[in-house]
Amino acid sequence: MDFSELFKLSGLLGRFSPDGKCLASCVQFRLVVRDASTLQVLQLYTCLDQIQYIEWSSDSLFILCAMYKRGIVQVWSLEQPDWHCKIDEGSVGLVASCWSPDGRHILNTTEFHLRITVWSLCTKSVSYIKYPKACQQGIAFTKDGRYMAVAERRDCKDFISIFVCSDWQLLRHFDTETQDLFGIEWAPNGCVLAVWDTCLEYKILLYSLDGRLLSTYQAYEWSLGVKSIAWSPSSQFLAIGSYDEKVRILNHVTWKKITEFEHPATIANTKTIVYKEVEKSLSVETERLSFPPTRALASSLFSTQSKYDVSQVPVSLQYIKPVADRANPKMGIGMLAFSPDNCFLATKNDNIPNAVWIWDIQKLKLFVVLEQLCAVQSFQWDPRQPRLAVCTGNSKVYLWSPAGCVAVQVPLEGDFQIVSLSWHASGDSMALLSKDNFCMCYLEREEV
Amino acid sequence: MGDWKAITVPVLSSDSKNIFQYTSAKKVSPSSMNSQVLRLPLPSSKSTHGFFSAFCTEENIEQSVSYLDRELTTLGFPSIYAESKGKELNLISIINCMNELLVLQHKNLRAQEEVEIQHLKLGSDMEHLQNCYAKLKEQLELSKREIVGLQERDRQLQSKNRNLHQLLKNEKDEVQKLQNIISSRATQYNHDMKRKEREYNKLKERLHQLVMNKKDKKIAMEVLNYVGRADGKRGAWRTDKTEARNEEEMYKVLLSDYEQRQKQLLVENAELKKVLQQMKKEIISLLPPQKQKPKERSEDGPVLSDLEEDIGELNKENMWELSCETVREQLTNSIRKQWRMLKNHVEKLDNQVSRVRSGALNEKDVISREDHELETEKLELEIQQCKEMIRTQQQLLQQQLMSPCDDDTTLILQDCYLLEERERLQEEWRLFREQKKNFEKERRSFTEAAIRLGLERKAFEEDRGTWLKQQFLSMSTDCKHSENVTAPSAFLGSSDQDNRLAISTSQRKPHCVLSVPVSPEPCQMSQYITHNSSSAASKTPAGDSKPNQWVERDKEETE
């Protein structure tokens, strides 16, 4: 495993281009485009204000930079660095911005969710979508980029509009039986839309592409409901993580629950492998100590190496009960992700923040639990193979695959607290992001 | 007749008092004696005297005899009188009567004894029963008390149960109440939320109106130039046709998805059916055909025919790839039946095996032990042989190691090794020398080439100098023609040169004309060389020499 040096970054805005050739990163108001393998600076663009959001177009030719405070979106071209485009929303304000799947339209959501404006880079036409819903995931594109679903709210009722992305024509408009829609997500096959309600009500509705209600699923009433959902890559399963610390899996044939995954604080099943991160103390020979201490020596003295030990079952994990009278409590299943080969599901129970649970989907059983020393910040699957990368806010990156797991210390000086990570599309490298910096990690083919 | 008197059984005693009591009672009514059932104790000899003297005295002998006779006759004895006259006593009959009376007495005594014994027995029985009764009564008391205690406990438990039920009900009621509260609060909350949302929507609408009315010039997009579409096509208008096309495409997408899923399901179904068929065949093959009883056979009859039918139908089915309910049911039912039969069969076999095993256990043990011993013997032999072999080998090795003790052999061996090494080294030396020669040759050739290059460069520099000079001269003569003259560019200079040379000196020797087009290339090369070489040959001396040459050549030609 090779690590590059640290580069400056702000706002955790480090994104690979969809074709995998470039890496865009933001430093305050500058956008730096580097080559993904050599990290050589290819382009440098300067925006008018601090950048809050960047996104690559689907053909990797354009990048949009959104500055919400000034209400401006600037689009840069990689082919022609002289080309520029600035969209100013003016007094209407800007809250969110994204590309359309064809890479030629930009959808801006104005402040207070007054409307969504569709700006076209090809023609002079502008379209408006009225009454968009102010929720976490209000716009969803199908994987093939043909259809877009927008959540709307009129007269205190939720609706969904499905548009055809090629000509922005309204295909279907139907109401949903939700109290307060929280999010929508297309299945990877683009034929089923999952709609879920606010956390006060556990309700998942499944709509077909033509607007028919296929099924409703409600596990229980009154307690806090759905926290996160994830579709399996083959669209066979829908995993629903809820505040009662359970994941329920629905199957695509009957849309009924086939199993429930519990996340208890004590793991008793002997077939589960529990990897526990332990610190191994570095033994430094006293002869090698020199005064004043060299930088490398200092960093190696203070950085703690860690490795994984297999714990004997039964294992009890650190359980945190959140304060009862606060909103959005840190409990329940907050993170869910299927592996790209559909064989594993990684989950995180916010009540047990130091553990990552990996479930075997073929057997519908708990396979591995990774117990870390610090709280897990984020994890992401390798887009090519069943390999999971986990970061916990320290300067180590953890990799798990069915062959085993490894903890790697990033050999860089200074304080590098990895908060987020992002895999390259080829699965050969990944970007490790911290609050102020990022570095690239290159993996060899045979590793793990 | 007489009064029945309750006469207690007097204890056998020789007390004359008793007798007197008795006799006194007797004296009271002699007539009543006749009908009295008397139980008389056996009088003792003394009392007999008294008894006799009391009964019969000298005065009433005849009366007493007649009385006795009457008594005896009433009792069934023959009369004691000799004849029916009276006064003469029949001694024989008297003796017989006496004997009979004695016998009767004995009998009575015996009966009395028996009765007494029985009486005693009954008395003891009664005591025993009374004891039992007392004990049972005690037990009854105890159990009654126990029952009372248990009842008490039962009552307590029941009351506890009732309390718990009550509590449960209360809890349930509370839960229900809380749920109702929650639901009412939720509806109230929703209502409030809706109200606030409506207000919020109104504000948004107002804001939207204001924003749109302002016609903010700032809301605009500035773009350098519009970009072409990603797919290269031109944008299309939105018409009904496009709407219809979109709908069509959407349905196509959905249909293709369903078709794909259906195909997958069909494939799965076909595989599962194949597996079931295979299972069925295997089950049938496992089931032994002879052991079936006639009853089973009769069951199998329809089953077999079912099987045949099934197989036939399923084969047909595979050909047609239909899947109707009845065929599916038949298949599953037949498999279930076969499986049950197989299970029974396996259970039977298990029983048989267990029976057989328990019966023939000993023999097996014996046999196995013998085999085991044979095997161990064999293994031991093998081990011994191996050990011997190892020993001999060790000896041989030692001999080998020991034998070259003399120096000659060691020296020879060492020499052999050394020779080998030396030969190898010699070969390597040879190769090395060859390579060295090759390198030397190459180096020499390179130096020669470098020298040649240097010479050539010199010559080119001189040529260039003369040529430039010539150009310069031509430039100074024809100023009007020189619009496009740019001195440094080799290309333009050469073309002008060509023209001028062609015009002015058509009689030039061909090699001169030819030399001009040749020069641009070497000039270029010289430029390249001068750019790249760190030790650039100075231009000026070459340049100086060149024009001289050129001028000389001109001179030659003009001359």
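**Close-up 1. Buried residues of helix α7 in chain B.** The buried residues of α7(B) are B:Val327, B:Leu331, B:Ser334, B:Ile335, B:Gln338, B:Met341, B:Leu342 and B:His345. Buried means under 20% relative accessible area, exposed over 50% and partly exposed in between, with a 1.4 Å probe and protein chains only. Helices (H or I, at least four residues) and strands (E, at least two) are DSSP runs, numbered from the N terminus. An α-helix has 3.6 residues a turn, so residues three or four places apart point the same way.

The model is predicted: local features need pLDDT of at least 70, side-chain atom pairs count only at pLDDT 80 or more, and totals for chains, interfaces and linings use all residues. Residues are numbered from 1 along each chain as its sequence is written, chains are lettered from A and ligands numbered from 1 in the order in which they are written, and side-chain values use heavy atoms, with hydrogens and water left out.

**Close-up 2. Strand β37 of chain A and its two partners.** Six of the six residues of β37(A), residues 396–401, are buried, so the strand is largely enclosed by the rest of the structure. A:Lys396, A:Tyr398 and A:Trp400 point one way from the strand, while A:Val397, A:Leu399 and A:Ser401 point the other way. Strand β36 (residues 388–391) of chain A pairs with β37(A) in the antiparallel sense over four bridges; two strands pair if DSSP finds at least two bridges between them. These two strands form a hairpin with four residues between them, and A:Gly393 in the turn has a positive phi of about 85 degrees. On to β38(A), residues 404–409: six bridges join this strand to β37(A), and the two run antiparallel. β37(A) and β38(A) form a hairpin with two residues between them. A:Trp400 stands opposite A:Leu388 and also opposite A:Cys405 in β38(A).

**Close-up 3. Aromatic pairs.** Over all chains, the structure holds 18 aromatic pairs. Rings of Phe, Tyr and Trp (its six-membered ring) pair if their centres lie within 6.5 Å; planes under 30 degrees apart count as stacked, over 60 as edge-to-face and the rest as tilted. One of the pairs, A:Phe7 with A:Phe438, is tilted, at 5.6 Å centre to centre and 35 degrees between the planes. A:Phe7 lies in strand β2 (residues 7–8) and A:Phe438 in strand β41 (residues 437–442) of chain A, so the pair ties together parts that are 431 residues apart in sequence. A:Phe7 is buried at 14% relative accessibility, and A:Phe438 is buried at 1%. The charged end of A:Arg34 sits over the ring of A:Phe7, 4.0 Å from its centre; this requires NZ of Lys or CZ of Arg within 6 Å of the ring centre and within 35 degrees of the ring normal. Ring pairs also link A:Phe344, A:Phe367, A:Trp381 and A:Trp400 into a cluster.

Close-up 4. A:Thr176 is in the loop between β18 (169–175) and β19 (181–186) of chain A, and is buried with a relative accessible area of 4%. Leaving aside neighbours within four places in sequence, A:Thr176 is in contact (heavy atoms within 4.5 Å) with residues including A:Asp158, A:Phe159 and A:Tyr207.
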